[in-house]
Amino acid sequence: MKTDSIIKNEGMSILIAKLGKVDAERFISLIIKEPFDYTKWQDTHFDTDISVRELSKNAMKAISKV
């Protein structure tokens, strides 16, 4: 199991790689400023009709592209 620090570092690295430093910081600022309900966000960003196994396969594909 990864520590919180490792997850935060990996997450920032991914954001910077995809968005660049400035937009990664903007993204973090936007998330912090707004009230954030993960459950509502998840409902709009994930297909809830797939199995956990399928979700895992999709996540592994996405990670391999980074």
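**Salt bridges**

Mentor: Glu-54 and Lys-57 are placed about one helical turn from each other, because they stand three residues apart in helix 4 (residues 52-65); helices here are DSSP runs of H or I with at least four residues, numbered from the N terminus. The model is predicted, so local features need pLDDT of at least 70 and side-chain atom pairs pLDDT 80 or more, while totals for chains, interfaces and linings use all residues. Residues are numbered from 1 along each chain as its sequence is written, and side-chain values use heavy atoms, without hydrogens or water.

Glu-54 and Lys-57 form a salt bridge, with their closest N and O atoms 3.8 Å apart; the rule asks for a side-chain nitrogen of Lys or Arg within 4 Å of a carboxyl oxygen of Asp or Glu. Glu-54 is partly exposed at 31% relative accessibility, and Lys-57 is partly exposed as well, at 46% (buried is under 20%, exposed over 50%, partly exposed in between; 1.4 Å probe, protein chains only).

The rule gives three salt bridges in total. Another of them joins the side chains of Arg-26 and Asp-23, at 3.4 Å from N to O. Both Arg-26 and Asp-23 belong to helix 2 (residues 21-33), where three residues, about one turn of the helix, separate them. Arg-26 is exposed, with a relative accessible area of 52%, whereas Asp-23 is partly exposed at 35%.

The remaining salt bridge links the side chains of Glu-10 and Lys-2, with an N to O distance of 2.7 Å. Glu-10 has a relative accessible area of 33% and is therefore partly exposed; Lys-2, at 47%, is also partly exposed.

Conventions: Helix = DSSP H or I, 4+ residues; strand = E, 2+ residues; numbered from the N terminus.
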